[in-house]
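This report looks at aromatic rings and what surrounds them. Have the structure open as you read.

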Amino acid sequence: MKIRLMVLASLVLVAPLSGCIESVSTKETCTVLPAGHDDDGTLRILTYDISALSDEVLDDFTTETGIPVEMIKVDDAGGILDQMMLTKEAQQADLMIGLDNTYLPTAIDNCLLRPHETNPDNITAAAAAFYEGPLAVPFDQGDVCLNFDEDMLAEANMSIPTHLNELTEDEWKGKIAFPSPVTSSPGRAFLVATMEYFSLENDNDAMSWWSGMIDNDAIITTGWTEAYETHYTGGYGEYTEGHIGDAWMTVSYCHSPGVEAFYSGNSTHSTSLMIDHASFHQVEYTGLINGAAQINGARLFIDYLLTPEVNGNMPENNLMYSVLEGYDLPETDGYRYHADVPSVVTVMDYEQIHANMDQWLEEWKTATQQA
Amino acid sequence: MPRNSEIVGRGFVVMAYVALSSVPFVYAMARLQSVTGQTPLEAFLEFPEAYGATEALQFTLLEASASALLTVLFGVPIAWYLGRYHWRHATMLRAVFSVPFVMPAIVVAMGFLLLIDQQSLLFKVGLDLRTETGVIGAYADWTGWSHPGHFLALIIAHAWFNLSLIIRFVEPTVARLDPAWEEQMSLLGQGQSTFGRLRHLWWPVLGPAVLCAASLSFLFSFTSFALVKWLTPFNQTLESLMASYGGSAGIADYRVDTSEIVMSASIVQFLILLGTLYLTSTLQRRHSNRFALVSEHGAQASRGPPTLKAKVTVYAGFLFALAPMIAAVTASFRIRNRTATGTSYTWGMEAWNAAWAGDLSTLSVTEALTNSMIFAIGTLIVALPVGWILASTIHALEINNNHRLAKALDIATLLPLAISAIMVGLGVLLGVLKSMPSLFQWSLLPILPHVILTVPFVVRIMLPAMRSVDPKWKEQASVLGLNPLRTWYHGYFSFIRGPAVVASSLTLAFSLGEFGASWLLVRSGSWDTLSVLVDTLMSRPKFDPLVQPTAMAAATVLMMLTFLLFFLAERFRAEGEGGGF
């Protein structure tokens, strides 16, 4: 009885408190917001655990400009967007680094960024194609696609799939791990690829394929790490604790086999599945946060991030391609040799992603739950 | 009679703590209500419709119940023998059994993964809990239960984690119960069989303690997150479900489905845990009933040296407690070396050097350790007096026969344990943003959630100790003509000094190992602690073979420090003063 009373009391207690917080509307005409925090001279960067921004790189920036840098780290690109949305009323950072092109339209739509007024040049056409406006600047890029274990396929005498529908067949039962598009940015990028891939076919749709994959016991994980490290047999995961190794195929970057080789003395048994339109060109952006305090520092850092010294080293330091013209992956230890380059990637544009992303995620949840 | 100023002071601390620990939850709930347009009751009723929620609840209830049961099965024999006999190096044994409870879950997860991987002893004897081949695979095929190996690994890890709860609750009572009771019981007809003594003596004496520890084990297994993430990758608990979707919860007009999931799941979790806490509080009060207690040394001496069975049980438990930690330390020296011709492992200090220098674009271990120590000491300075005042207030209410209010306050102090870390994080974020955003630039902000999380443990340790102090001792001290301070010291404090030291060390260790709240706050500022550093490294892609050993080196520093704290606390603790977290 007492417990019941407590339960009721707690529910009743909380119910009227919603009045304490006003509803927050996000769809509005963008205006430049005042600083959300005090400007104490420090540049605050909201990012994920981006290894390209080592202490050395940050120290060099501070030495050059006299501006100290503080990093606020979240899990991934989705976390950056969530954090900016949650702290919209009083942004705690000045610069974001890490939103990709599947998240950028939502950030722009919600007025989370302000014009950067920097003039980056020398950006590759592939990096600039998705968005060329004043609110975000690309800083690295790479193609998201399916990776598979060549050795496992050879041992099982299986042929390399030439169409995504082949993955719903029995021989692939329980052998593919997908990071969930709801909680992972590579997962989200691959969902976009499948939307385009199946939109080009008359008698098929992406959600039926996803249902088919769930029926075929595909493994859905929360993030890329679980899919690649815990489940995938072709990557470094086999040498880490907790490796299960039940997936011969997973979602990663087309150049992931090159990264494998780079860290393994030019050896890897992972490669990418090169099917037209079944990969997505992911571009990661940096941008000035609407509500920033240290605006000058943020602009200087955008310029700094695009210098050849910093951006040219993206492949070694952040395991992604540079966005600068003339910079490719290094040839050291087979990095470039083993990195696959898809001939036809998904060309979903800004407007399509902006208009459809939420709906695709909902449809994906329904398709995978009902399967 | 307490003075008015004392009553006002106590009332202020009580109100401030209750507000501090409940406002974040209320704030988060109010925001979710605003975003989803659902009342808490509607959200509760919608729970079965939330994506993945029903499966998560079923799994959570199953693993938490099994973990609590296994904790009792592992813990009671160890506590029994540890309490009954005098052990050489008892201080070290107790410290080793205590450390798991405050280990960051991510370190525990890595330790257990090392113990069940394909190079492990378990795998070699045919128990493959990870890839589920052999006996485990055959069992899975036979029963149709997918991944029994993962489930088993999880509940063993939870039992390891919660072992100290059972030992802390049960061992002191076993150690100090008057041996004459046992002798008298064995003379009676009902006490001549082992079962009879168990039923008529030990169960009434130890039962509440065991059940209290079991209900707390259930609670901590219920809210488990990192262990579930790493050890059972195919399943989610309510907490891990909320963690998966929690990032975008509370944002208007964006991913409202995530707000709905978090709101429904947090209400269901809160209600279940509130019930568990009610049970815990009731059981702990029954446990605090005074039995005929004697000197620990006297009781243990009367039973002679430890028997072989006792030695095997306690030392097996000791190895069990140490194994994941040893595995983690070992992994910090082992470096993978992959070449075109194959993979080999070398042993060396590279990872330690990287950890010390912060070579992997992280804080160095020394910087993270400094942050951790500052937060831990700050937490201690606030949490100990607050916990003390709360415990003494509850005790004063009990003495004045105001049992209903005492019980309500007792449960209120436990509330932070029932609230999801995701909700606390969201609530603190929203609350601070709304009231004082400049707090995000305050370098000591992590102390706030650490205090909220550690005070319940201070209360749990201090309250039974205060209950066991006989008021006559204070009266006798005052009769001796001592001044009020010395009366308080000799007639009261000297009897609870040991638990106060234990509470202090636990607060320090808990703050050092705390991960959830720090991680949530890291999203709004730069407050990397040692446990956040370990998680940052473990969450990274590990193409670079130095990443994992470096994380283990940082984890080793954290473990050593925690062990040292408990070892020192045990030395300060007077005999038998170990009851109750």
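Are Phe198(A) and Trp209(A) buried or exposed? Both residues are buried. Keep in mind that this is a predicted model.

**Ring pairs**

A pair of aromatic rings is described by the distance of the centres and the angle of the planes. Over all chains, the count comes to 41 aromatic pairs. One of them joins Phe198(A) and Trp209(A), and this pair is tilted. Phe198(A) belongs to helix H7 (residues 185-199) of chain A, while Trp209(A) belongs to helix H8 (residues 206-215) of chain A, so the pair ties together parts that are eleven residues apart in sequence.

Another pair is formed by Phe262(A) and Tyr263(A), and its geometry is edge-to-face. Here are the values for these pairs.

| Pair | Centre to centre | Angle between planes | Geometry |
|---|---|---|---|
| Phe198(A) and Trp209(A) | 5.6 Å | 35° | tilted |
| Phe262(A) and Tyr263(A) | 5.2 Å | 80° | edge-to-face |

Phe262(A) has a relative accessible area of 18%, so it counts as buried, the cut-off being under 20%. Tyr263(A) has 25% relative accessibility, so it counts as partly exposed.

**A cluster**

Phe198(A) and Trp209(A) also belong to one aromatic cluster.

**Charges over rings**

Which ring does the charged end of Arg188(A) sit over? The ring is that of Tyr103(A), with the charged end 3.8 Å from its centre. The charged end of Lys365(A) sits over the ring of Tyr51(B), 5.3 Å from the ring centre.

Technical notes. Residues numbered from 1 in each chain as written. Chains lettered and ligands numbered in written order. Predicted model: local features only at pLDDT ≥ 70, side-chain atom pairs only at ≥ 80, totals over all residues. Heavy atoms only, no water. Phe/Tyr/Trp six-rings, centres within 6.5 Å; stacked < 30°, edge-to-face > 60°. Helix = DSSP H or I, 4+ residues; strand = E, 2+ residues; numbered from the N terminus. Buried < 20%, exposed > 50% of the residue type's maximum accessible area, 1.4 Å probe, protein only. Lys NZ or Arg CZ within 6 Å of the ring centre and 35° of its normal.
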